[in-house]
Amino acid sequence: MPILNETDLKEKLKDNPVGIFLIYGEESYLKKIYVEKIIKKTVDPSFEDFNFHSFDGKDSTLSEIYECAGAVPMMAETKCVLVKDFPLDTLDDSGFEQLETVLSDNPEDCALVFSFVAYEPKGAKWNKAVKLFEKYGNAVKLDKKTASDLVKMLESGAKKRGKPFEKGVANYLITCVGSDLNTLLNETEKVCAFAEGECVRKSDVDAVCIKSLDAKVFDMIKDLTAGRFDSAFRKLSFLFEQREDEFQILGALIAQYSDIYRAKAAVKSGERAEAVAKYYNYAGKEFRLSNAARNGSSLSFDDIGECIEILHWADSTLKSSALDKRLVLEQAVVKLARVGRR
């Protein structure tokens, strides 16, 4: 069976919640939610102590998992065995033989779930393990939702709460807090509870939602690309006051100037800025490219190249010298604002 996505998994759980599931991908919230759904569908709460078993992959063996999965459910038709972060990407040939035995012999009354939350395995051995799960059960990859999917989800959630988003505000919320689904849902609930009008407005988001570092740096870059020294420095000073890490601030600057370069290249070639998303990891963050296109509209390619060189200097200096980190960032911001003013 091919690798499943969220829609496929929903359909699968309607008909047959037992079986073998490998659940992985970038979206932590969805992984947590669907693991909980499988447990709820296969374990009677009255006999949970007997029919639900959870293993920490770091401290477990395949033999233990095999023995547990093979046990008969107690006073119920089904049971669930959950295995968290088992190091499938480190198995040797003997380990893969054991894994295949565990999967091929899994009884029909057991939902055997291997879930990856703490880390995302990669490499040839991981791909080999995924193939085994495809052969004997279900490999489910839950990645970040696209920005348009996130907007639809947030708008639907707000509407159910009786406080629909004003046009464009759901997208603005994503730009402020990022694309992490758990964070977005929490912030949506908070802003809906706060909003006093008939709908949620941009001012409500600004009042109660905590902006991510990327969003704060984005506001600063709007000043830098326009050459506004004073405003850019006030925003940088505010980041220092909030004790944001200097390396993370610089990393956000580098990422967003890279966005500007990519978006400008796409527009110059006759494409929309968001077209670049398919070549890089922008799932759920396509808005960054459209924002970058606006921010970089006044800069030439030479200007952007100079900005990237400035950031490269700052990165090398922070990593290789004893200069004060705050001073290095301030110097970089001055140089970036000069390019924007020019």
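Predicted model: local features only at pLDDT ≥ 70, side-chain atom pairs only at ≥ 80, totals over all residues.

Visitor: How are the rings of Tyr261 and Phe301 arranged?
Guide: Tyr261 is in helix α13, and Phe301 is in helix α15, 40 residues apart. Their ring centres lie 5.6 Å apart. Planes over 60 degrees apart count as edge-to-face. The planes here are at 75°, so the pair is edge-to-face.

Visitor: Is Tyr261 buried, partly exposed or exposed?
Guide: Buried means under 20% relative accessible area, and exposed means over 50%. Tyr261 has 40% relative accessibility, so it counts as partly exposed.
The pair's other member, Phe301, has 27%, so Phe301 is also partly exposed.

Visitor: Are Phe114 and Phe133 buried or exposed?
Guide: Phe114 lies in strand β4 and Phe133 in helix α6, 19 residues apart. Under 20% relative accessible area counts as buried. Both Phe114 and Phe133 are buried.

Visitor: How much space lies in the largest pocket?
Guide: Its lining has 27 residues, with Thr175 and Phe218 among the closest to its centre. The lining divides into 10 nonpolar, eight polar and nine charged residues. The space in this pocket is about 510 Å³.

Visitor: Which element gives the most to the lining of the second largest pocket?
Guide: That pocket is lined by 14 residues. Elements α2, α7 and α9 each give two or more. The one that gives the most, with five residues, is α7.

Terms used: Residues numbered from 1 in each chain as written. Heavy atoms only, no water. 1 Å grid on protein atoms, 1.4 Å probe; cavity = no way out; pocket = protein on both sides within 12 Å on 5 of 7 lines; lining within 4 Å. Points joined across faces, edges and corners; volume = space filled by probe spheres on them. Nonpolar A, V, L, I, M, F, W, Y, C, P; charged D, E, K, R; others polar. Helix = DSSP H or I, 4+ residues; strand = E, 2+ residues; numbered from the N terminus. Buried < 20%, exposed > 50% of the residue type's maximum accessible area, 1.4 Å probe, protein only. Phe/Tyr/Trp six-rings, centres within 6.5 Å; stacked < 30°, edge-to-face > 60°.
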